[in-house]
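Q: Could we go through this model together, taking one feature at a time and asking how each should be read?

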Amino acid sequence: MAKKVFGVLLSLVMTASLLTGCGGSGGGSDSTAEAPAADGGSEETEAPAADAGSEEAQAPAGDVTIKVAAIETAYGSDMWKEVCDAFTSETGIQVELTTDKNLEDVIGPSMQGGDYPDVVHLATGREAALTEQFIKGNLIAEMTDVLSMTVPGEDKLVSEKIAGGFTETSLTNPYGDGKTYLAPMFYSPCGLFYNAGLLKEKGWEVPKTWDEMWELGDKAKEEGISLFTYPTTGYFDAFFYALMYSVGGPEFFDQATNYAEGVWDTPEAQTCFDIVAKLATYTNPITPAQANDQDFTQNQQLVLDNKALFMPNGTWIVTEMAEAPRADGFEWGMTALPAVSEGGDSYSYTWFEQAWIPAGAEHVDAAKQFVAFLYSDAACEAFAKAGAIQPVLGIADKLEGDNVMFYSIYDNGAKAAMGNFAAFEAIPGVEVRTVFFDPVNSLVSGETTKEAWMEGIKSASDQMRANLK
């Protein structure tokens, strides 16, 4: 009965989701407005948990096969095959693995019928917003108890492996109730990526403040180089979060991401809007036309071809563009966002992906074992070989190449920004990305104004605040 109920709920959610495509960040699809209460008190929201006396818990491990669905990104899919094989060898639990670059399209139809994967690796911030829709619909199983589980094949608890802070953020605890629903996965310091070789050649310094950034933009313009580009507007999430921290610190960030009344009328908010609007005037004009899930690498190529200096991105960019042509002397560089003023703080957002268990999954206990195994030494090594870095203690000591520079950014003066906008009940046509970030395309093209963008944010924030989880 539970699976049937979840299928009905999800069919409402997926009808919109499957029409939006996938990739990037956020999404503008409608989803069910009658989401179950976050306290899990309704019959519909009770996950079909398998307790110690359940048939699953008593069945031999070899008799259980779990379904794992993972998004295929620049890291590839081979690492997932290796991890699944290692998990089966350790536990005897079989794994049916599905990976695809358009995972939402692949698993969506079966989930509409109530057939869920047991484990899903799909981050928030994608265009289809599938994970966000599961969060809003209370369709994700709680996994707080996974933190106290022993990692299969090891003697440490999961909580003893995960680095501090990663299970204390709205990205893993979306309802603010102290409970964990999503597991932190591959993490990446985000910032502004650039061609360090070009700056050395020109004798240009990496800007430490936004005033220095504008000065550099003027110098670059004289040589036919744009100051800025971005892959898609979805990449403004990490950028905007770090910007909010640098402008007003954690207090302003918390107020803004919880849609506090009047927060967008504050001087701090005005500074954020002013910086983004000014940056739009320094952006390579071809950027908006290519800022989609099919052409985004062409915007990234602008940096490799010295047609733009900086772009917001994460450490995965090196693997993603490994085979792309580049200017002579190209050398990856990465910097945190500039400080607002001399002596101010600069921030680098720590972006990480998430794994989760649908509340309608058939094998919840076995799924939790798999999630726990994702933090094992064996899994972390398999992932790291592909460039996917797990947020586990001591991982930086095992890195080499460009990753040494990327993951040491917090050792070089930058502060870490973490968190995102608070979850709210589904509002037809309103998503974080469509409200906050997608309008940047129109700012660059001149089709909208800073004032119109601000008014849209204020209006949507009032709705978000009224529908907070």
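Q: Where is valine 158 placed, and is valine 158 buried or exposed?
A: In this predicted model, local features need pLDDT of at least 70 and side-chain atom pairs count only at pLDDT 80 or more, whereas totals for chains, interfaces and linings use all residues. Residues are numbered from 1 along each chain as its sequence is written, and side-chain values use heavy atoms, with hydrogens and water left out. Valine 158 lies in helix H6 (residues 158–161), where helices (H or I, at least four residues) and strands (E, at least two) are DSSP runs numbered from the N terminus. Its relative accessibility is 1%, so valine 158 counts as buried, the term meaning under 20% relative accessible area, with exposed over 50% and partly exposed in between (1.4 Å probe, protein chains only).

Q: Which residues is valine 158 in contact with, leaving aside its neighbours within four places in sequence?
A: Taking contact as heavy atoms within 4.5 Å, valine 158 touches Val146, Leu147, Met149, Val151, Ala372 and Tyr375. With leucine 147, which is 11 residues apart along the chain, the C-alpha separation is 4.9 Å.

Q: How do helix H9 and helix H10 pack?
A: Two packed helices are described by the angle between their axes and by the distance between those axes. Here the axes are lines fitted to C-alpha atoms, for helices over the stretch in contact, and angles run from 0 to 180 degrees between N-to-C directions. Helix H9 (residues 236–257) and helix H10 (residues 267–281) meet at an angle of about 150°, their axes being 10 Å apart. H9 is therefore roughly antiparallel to H10, since angles under 35 degrees count as roughly parallel, over 145 as roughly antiparallel, 65 to 115 as roughly perpendicular and the rest as oblique. Among the residues that make the contact are Phe236, Phe239 and Phe240 of H9 and Phe273, Ile275 and Val276 of H10.

Q: What angle do helix H3 and helix H15 cross at?
A: The axes of helix H3 (residues 78–91) and helix H15 (residues 377–385) cross at roughly 165° and come within 9 Å, which means that H3 is roughly antiparallel to H15. Met79, Trp80, Glu82 and Val83 of H3 meet Ala379, Ala382, Phe383 and Lys385 of H15.

Q: How many residues of helix H12 are buried, and what covers them?
A: In helix H12 (residues 296–304), 7 of the 9 residues are buried, so H12 is largely enclosed by the rest of the structure. The cover includes strand E5 (191–195), helix H11 (287–290), strand E7 (308–313), helix H13 (317–320) and strand E8 (332–335). Just after H12, asparagine 306 has a positive phi of about 60°.
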